Amino acid sequence: MKRDTLEQLLDWCIERQVSLALEGEQLKVYGQPGAMTPELVDAIRARKPELLDWLRQQQRGSTGQAAAAALQPVPRDGARYPLSYAQQRVWFIDRFEGSVHYNMAGAFRLSGSFDTALANEALRTVVARHEVLRTTFHEGEEGPWQLVGNGDDFVLAVSDLSGMEADAQEQAVQAALAADAAKPFDLAHDLMLRAAYLRCGQGEGVLLLNLHHIACDGWSLDVLVKEFAAAYQALQTGQEPALAALPLQYIDYAVWQRGAANAAHMAQQISHWREALADCPPIHSLPLDFARPAQQTFRARSHAARLDKEAAAALAQLAKQHDATLFMLLQSAFALLLARWSGEQDVMMAVPVAGRSHPRLEPLIGFFVNTLPFRTRIDRAAGFAELLAQGREFALQAYANQDVPFELLVDQLRPERDLAFNPLCQVKFLLQNKLPEELSLPGLALSPLIAEEQQIRFDLDLTVTETPNGLFLNWTYKEDLFKPGTIARMAETFACLLRAIVADPHARLEELPLLDSAAHAAWLAESCGADATDGRELSVVQAFEQQAARTPHAIAVRHAGVALDYATLERRANRLAHFLAEQGVEAGQRVGIYVERSAQLLVAMLGILKAGAAYVPFEPKNTRERIGHIIADAGIEWVLVQPGMMDRVPVAGIDVLALDDSDGWLAEYPSDAPAALAGPGDVAYVIYTSGSTGTPKGVEIFHSGLADYLAFAGDAYYDPALQGS
């Protein structure tokens with residue numbers, strides 16, 4: 001396609017998601033593989049001097065102000081308008097896997113006189129005002145585009161539950177909330193707002209509102225609630241709603257974001273992020289309670305905690321003393337907490353921002369919210385005051401470069417992509433100093449109603465809300481990754497860490513406690529027992545076999561409702577050892593284990609040791625790339641895997657063996673112990689660590705010395721709360 005002017009060339013680059021930047025005096029061009037067509041390369045080369053001059057001018061001027069000035073209404077001439085970057089990502093997810101987890105559902109319990117006819121008209125008023133609520137999304141040869149409809153088919157659905165008994169009615173309400181939250185939007189045909197009213201009796205009911213995230217964000221919900229209330233009150237008094245005219249619509253924003261006038265501004269900010277996020281870790285290293293599924297799940301649970309107003313005031317005062325904000329202090333402290341729990345020194349987290357840097361965007365409903373990737377590097381020998389200074393500087397730079405859509409940033413940086421986790425950031429942090437807008441209608445008492453089913457798009461989400469009574473901390477987490485007790489303990493350690501920071505902000509980071517003295521003493525009392533001296537010369541296999549002979553019917557392991565006595569555990573391990581020997585496993589070889597913590601994990605470990613081999617455990621959070629690296633580095637030819645996790649293991653060149661939760665197919669193998677194959681100097685297992693705790697990245701432990709084996713094996717599952725205690 002011919003591009004006659006510089007502006008057309010810039011527009012072409014944006015269409016191809018190619019960014020141009022001036023680094024020193026050199027022109028840098030970045031884009032996805034395949035984006036740089038030969039024609040585009042030739043066009044850039046031909047206009048390189050003009051591009052360099054233009055980029056220098058943009059650097060000297062205020063590109064942000066120039067870009068903002070170009071944000072104007074576009075003609076409504078029936079053209080196929082582009083999607084914003086955020087919309088395009090959600091649209092793609094919807095096409096690929098469905099996007100019901102992007103439903104933004106809310107409900108209010110109403111008591112009093114509620115006129116459904118007026119409510120229907122008030123909501124139609126809001127739909128008529130905001131084009132994005134009556135926009136549908138379509139696909140053409142050049143990609144997705146959006147079309148604004150008239151919204152005439154919007155209607156408030158009304159259901160009558162008033163004839164039910166109280167318990168049955170409440171069950172019906174919860175079922176309706178769950179069903180509505182789980183009902184997908186058809187982005188090509190539906191309005192992006194749906195509403196329903198459940199009549200529960202005289203003057204009692206529940207109002208359900210549901211929007212798709214492609215047309216809405218948290219700020220938009222406040223706009224919707226406020227405008228609905230204003231329109232309802234006006235109609236109730238017989239007046240036409242008098243809402244201020246909107247200066248722009250969301251399509252104007254999408255066209256501007258994709259336009260040439262915004263190109264230099266984006267290029268300048270992308271250059272900042274490229275440097276700030278160079279070589280950042282692709283995924284967090286928090287210990288998971290369950291293996292990460294091959295594809296993300298979104299089922300969530302929450303844990304609530306509070307810090308009283310005295311503690312909140314102390315934190316705010318400390319932040320002020322260090323020329324920082326409360327957000328900067330809490331974000332730095334949360335990064336430190338994640339580092340202490342994970343053992344990492346490079347922590348990433350997502351921080352949402354409103355994305356409405358221009359005042360004319362503030363009254364609009366639409367998907368403006370942006371995500372900033374915050375990076376915190378932890379020097380354990382430094383004090384918290386130094387960490388806070390680093391966090392303050394990163395935050396200031398991040399906010400100064402907040403206009404780059406997260407989706408465009410991911411396209412440009414090309415981090416590791418995996419269906420199992422979000423790119424760049426899997427943990428989110430938010431400080432809210434403004435409570436959500438409350439729906440208030442004359443003659444009605446309203447209270448928010450929370451659906452029992454929750455969803456989350458991050459592994460872990462900490463939202464802190466400032467209230468007159470202190471700080472409210474809501475820990476939301478994926479229930480397929482974490483147990484409730486784990487998150488409760490994490491919340492307790494965060495509170496302890498914050499108290500320690502206030503007490504001594506200059507203390508070394510590695511010395512700040514995560515347990516208070518009483519909790520630490522209780523843990524020590526529970527975990528310390530008498531020293532054992534007998535049998536220290538034995539290998540772990542010999543010691544286990546002797547114990548099994550002494551107490552065959554005593555419980556050896558109990559987990560998640562499964563209990564195995566010593567005789568059963570010994571029998572299954574022996575059969576597995578004979579099977580491995582039949583497969584060609586020999587003394588000194590290494591066998592991988594990809595099994596969640598369970599009784600079956602002990603069967604796998606003992607079976608491999610009894611075969612004379614060494615086991616190499618993979619952590620549940622390991623990615624396919626990490627597993628592939630360990631397999632190659634350790635020379636692994638066999639991997640034992642529990643059912644349901646086989647697709648997470650690269651299978652080229654290795655045997656993947658699925659384990660049962662019972663004797664199953666192993667029953668045909670001998671149950672007696674195989675002849676001892678391992679000598680005192682043979683390796684028992686190889687542990688691949690992050691290297692952040694001072695241990696080598698591959699640690700070999702030898703069969704000889706039961707005490708040494710148990711000491712290191714116990715440390716391999718360390719308690720994060722005790723690090724530095």
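Predicted model: local features only at pLDDT ≥ 70, side-chain atom pairs only at ≥ 80, totals over all residues.

Colleague: What is the overall make-up of the protein in secondary structure, burial and contacts?

Modeller: The protein has 21 helices and 24 strands. Of its 725 residues, 51% are buried. Among contacts with a separation of 6 or more, 75% are between residues 24 or more positions apart.

Colleague: Why is histidine 130 called buried?

Modeller: The relative accessible area of histidine 130 is 1%, and buried means under 20%; histidine 130 therefore counts as buried. Histidine 130 is placed in the loop between helix 6 (116-129) and strand 4 (135-140). Leaving aside neighbours within four places in sequence, its contacts include Val223, Glu227, Leu246 and Pro363.

Colleague: What makes leucine 666 buried, and which residues is it in contact with?

Modeller: Leucine 666 has a relative accessible area of 6%, and the limit for buried is under 20%, so the term applies to leucine 666. Leucine 666 belongs to the loop between strand 22 (655-658) and strand 23 (683-688). Beyond four places in sequence, leucine 666 is in contact with Arg575, Leu576 and Phe579. The C-alpha atoms of leucine 666 and arginine 575 are separated by 6.1 Å, although the two are 91 residues apart along the chain.

Colleague: How many aromatic pairs are found, and why is the pair of phenylalanine 114 and tyrosine 197 called tilted?

Modeller: The whole structure holds 22 aromatic pairs. In this pair the ring centres are 4.8 Å apart and the planes stand at 40 degrees. Phenylalanine 114 lies in the loop between strand 3 (103-112) and helix 6, and tyrosine 197 in strand 7 (residues 193-201), so the pair ties together parts 83 residues apart in sequence. Phenylalanine 114 is buried at 11%, as is tyrosine 197 at 4%.

Colleague: What makes the pair of phenylalanine 334 and tryptophan 475 edge-to-face?

Modeller: Its planes are at 75 degrees, with the ring centres 5.9 Å apart. An angle over 60 degrees counts as edge-to-face, so the pair of phenylalanine 334 and tryptophan 475 takes that name. Because phenylalanine 334 lies in helix 12 (residues 326-342) and tryptophan 475 in strand 16 (residues 470-478), the pair ties together parts 141 residues apart in sequence. Phenylalanine 334 is buried at 0% relative accessibility, and tryptophan 475 is buried with a value of 0%. Both rings belong to one aromatic cluster, whose members include Trp273, Phe374 and Phe494.

Colleague: Why is leucine 419 called partly exposed?

Modeller: Its relative accessibility is 44%. Leucine 419 lies in the loop between helix 14 (406-413) and strand 12 (427-432). Together with Phe92 and Phe96, Leu419 makes a nonpolar surface patch of about 340 Å².

Key. Residues numbered from 1 in each chain as written. Heavy atoms only, no water. Patch = residues over 30% accessible without salt bridge, like charges linked within 9 Å, V, L, I, M, F, W, Y side chains within 5 Å. Areas by Shrake-Rupley, 256 points an atom, 1.4 Å probe, with all protein chains shown as cover. Salt bridge = Lys/Arg side-chain N within 4 Å of Asp/Glu carboxyl O. Helix = DSSP H or I, 4+ residues; strand = E, 2+ residues; numbered from the N terminus. Buried < 20%, exposed > 50% of the residue type's maximum accessible area, 1.4 Å probe, protein only. Contact = heavy atoms within 4.5 Å. Phe/Tyr/Trp six-rings, centres within 6.5 Å; stacked < 30°, edge-to-face > 60°.
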